[in-house]
Number of protein chains: 2
Amino acid sequence: MTQRVFNFSPGPATLPEEVLRRAAQEMLDWHGSGMSVMEMSHRGKEFVAIHAHAERLLRDLLGVPEHYKVLFLQGGAIGENAIVPMNLLRGHASVDIVDTGEWSLKTIQETRKYAHVNIAASSAAKRYTCIPPRQGWRLDPDAAYVHICSNETIGGVQYHFTPDVGAVPLVADMSSDFMSRPIDVSKFGLIYAGAQKNLGPAGVTIVIVREDLLGHALPITPSAFDYGLQAQADSMLNTPPTWAIYMVGLVLDWIQDQGGLAAMERRNKEKAGLLYQYLEGNRFYANPVAPADRSLMNVPFTLRDPALDDAFLKGAQAAGLVQLKGHRSVGGMRASIYNAMSLEGVSALVAYMKGFEARHG
Amino acid sequence: MTQRVFNFSPGPATLPEEVLRRAAQEMLDWHGSGMSVMEMSHRGKEFVAIHAHAERLLRDLLGVPEHYKVLFLQGGAIGENAIVPMNLLRGHASVDIVDTGEWSLKTIQETRKYAHVNIAASSAAKRYTCIPPRQGWRLDPDAAYVHICSNETIGGVQYHFTPDVGAVPLVADMSSDFMSRPIDVSKFGLIYAGAQKNLGPAGVTIVIVREDLLGHALPITPSAFDYGLQAQADSMLNTPPTWAIYMVGLVLDWIQDQGGLAAMERRNKEKAGLLYQYLEGNRFYANPVAPADRSLMNVPFTLRDPALDDAFLKGAQAAGLVQLKGHRSVGGMRASIYNAMSLEGVSALVAYMKGFEARHG
């Protein structure tokens, strides 16, 4: 008998149970093919259909304009941190990056291998508890692009606006909030996201890129990571991560069944609202993030007395609430509540937190 | 009711049915964790155990010496074609490559982005129907390394010896015959292999590298592809392709249950023997490869009359024998018979070929 837990992992993360059931059912024989998806040639008609289905659904749900390519690649966001400048410098010497936390810092470190980095704004002085307001950014009109991280999983801050950066392409690492809400893709030059938060298993990275930015990769760019070559090859210049792409397709089916991205956003706001409402003004738990910039995906919180952390985690585990330990760099707790986390799961967490407070507060 | 086919795909390729059944069974709840493997944090104790199990089993079965690191990365062999020189030049200006077909040519093309390439030997003039004999290789003692492709999936040629290249490290792309037979790892500086032939699904690449070769990556190397950094981080510098690593572990369990690599080699020789014996001297079908260099993994063959190709493929499909079409660059047919292809499957193919010959020969 299967006893599922409520899994608050920051990623890889919980997946919809109906998606997992379907994957298990189709494991030995996908749609009468006599093969598992894992066994299919990526050039065979079965997998080509699976790939096309995932791409079409992603385009439809997100409203990706025709002049953008959608790529399914490997390497995750840390890989893309290097691959983006390899592809997008286009003769420019400098990149603007907005520093909002740990993930921005990784981007800065990788980008410096290929270009000068101008830190256009930073919330480091505020210990990464907010998004630097757009009016304070010092942008370079000659930058190759402006890079933001739309949601920082560790600090728990998220952009609730799309910054206007003029004619310079806006690039966003959306790994941890991609497909969690509607966005206007046309405001971005490039979006990238590892799938393992809201969209599927680890091992596939989605890149959405405006066509006019393609074809300028540095000569040192590996062909497997040359966006222009991959766009020409329909992401099949090398063998794609076929199972991960299939799973993304199943999750996209599920998102569509739930009502699409507007419904996802409503659900995500409702879930996060439950937690933030409870944390607001609480004297036993605290969340340091500026209210306007709080993440709907990752809710870090601390206990007034860190000596209670272990007891909190142990009790949570016993209640079937797992992976709540905060990142080692900030300590405390973190509840990651991506698309597939149910309202029931968040309610169970809040109930547990209230009970723990009542016993220890 | 599941009706499985015999799948001769060159990769991604057929997997053991018992492995697929176990993956389906464990889909919603791995070992009482209440989570799918796809949902687990890569830093949680459950996945750390899955990862360690796969590595330990791989080391045991292959006999990997202590002073070699085993990495589980992303990007496939085409990715590694670039990532290997990024990591392994160590101040050298030139790389020796032995050209045995399509995969060697891809390696040459990628390596040229970072170093001078000396083609130490080539079977191009023989239309890639043999492995160039070791005594004819023109090796450069100052080369960073000597690169070979141990099995060419398209031409169907395979090394049945490990070349002695002196003190220069030997690097092998073993994507299509890795874990199909015992090898002496100590004769290699580095071995890499995409998993999707003999070892699991697409999306994970195994790199086995001698420790003294680490730590010399070019400054332009993305951190996610810096072998030294990944070795320090136990392949978790970025989120690893967790599901693919889990599947590799299940396939390694299966290899062990079958009797290990010596048993795999016996099975693979028996299967290939059936096909080559039938093709030998046949006047209706032909295989062009020099007998000493024939691949145990990929058996290309042509029909005397190419006008019959479509009828052959259609009839095969109807008999449950799929993915037999040869690569577009050589035409004809190709039977890929990796570890997980059963003797029963190869026997069924030979029976079908005999029947087709009887009807059309």
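This is a predicted model: local features need pLDDT of at least 70, side-chain atom pairs count only at pLDDT 80 or more; totals for chains, interfaces and linings use all residues.
Residues are numbered from 1 along each chain as its sequence is written, chains are lettered from A and ligands numbered from 1 in the order in which they are written, and side-chain values use heavy atoms, with hydrogens and water left out.

**View 1. The interface of chain A and chain B.** Chain A contributes 64 residues and chain B 65 residues to the contact, where contact means heavy atoms within 4.5 Å. The size of an interface is often given as the accessible area lost when the parts come together. R4(A) and E39(B) form a salt bridge in which the closest N and O atoms are 2.7 Å apart.

View 2. A cavity is a set of points, on a 1 Å grid over the protein atoms alone, where a 1.4 Å probe fits but cannot get out, and lining residues have an atom within 4 Å of a point. Grid points are joined across faces, edges and corners, and a volume is the space filled by probe spheres set on the points. The structure has 6 cavities of 30 Å³ or more, and the largest cavity holds about 80 Å³ of space. Its lining comprises 13 residues, those nearest the centre being A202(A), A244(A), A202(B), W243(B) and A244(B). The elements giving two or more residues to this lining are α6 (242–258) of chain A and α6 (242–258) of chain B, and α6(B) supplies the largest share, 3 residues. Helices (H or I, at least four residues) and strands (E, at least two) are DSSP runs, numbered from the N terminus. By class, the lining has 10 nonpolar, 3 polar and no charged residues; Ala, Val, Leu, Ile, Met, Phe, Trp, Tyr, Cys and Pro count as nonpolar, Asp, Glu, Lys and Arg as charged, and the others, Gly among them, as polar.

**View 3. The second largest cavity and its lining in chain B.** About 50 Å³ of space lies in this second largest cavity. Its lining residues include F72(B), L73(B), Q74(B), F225(B), N238(B) and P241(B), and the lining as a whole divides into 6 nonpolar, 5 polar and no charged residues.

**View 4. The second largest pocket, lined by residues of both chains.** A pocket is an open set of grid points with protein on both sides within 12 Å along at least five of seven lines, and the second largest pocket has a volume of about 1100 Å³. It is lined by 48 residues, of which S41(A), R43(A), P10(B), Q323(B) and R334(B) are the closest to its centre. Two or more residues of this lining come from each of α2 (45–62) of chain A and α3 (76–88), α4 (102–111), α8 (309–318) and β13 (321–322) of chain B. The lining residues divide into 16 nonpolar, 22 polar and 10 charged.

**View 5. The two domains of chain A.** The assignment, automatic or from a database, gives domain 1 (18–257) and domain 2 (259–360) of chain A. Their C-alpha centres lie 27 Å apart, and the contact takes 27 residues from each of the two domains. The area buried between these domains is about 2100 Å², of which carbon and sulfur atoms give 57%. T129(A), I154(A) and W254(A) supply 23% of the area that domain 1 buries against domain 2, more than any other three residues. The count of salt bridges between the two domains is 0.

**View 6. Backbone geometry in loops.** Most residues other than glycine have a negative phi, and most peptide bonds are trans. The peptide bond joining G11(A) and P12(A) is cis, with omega about -10 degrees, and P12(A) is found in the loop between β1 (6–7) and α1 (17–25) of chain A. Q323(B), a residue other than glycine, has a positive phi near 65 degrees and is found in the loop between β13 and β14 (333–336) of chain B.

Methods:
Buried area is the accessible area (1.4 Å probe) that two parts lose on being put together, summed over both. A salt bridge is a side-chain nitrogen of Lys or Arg within 4 Å of a carboxyl oxygen of Asp or Glu.
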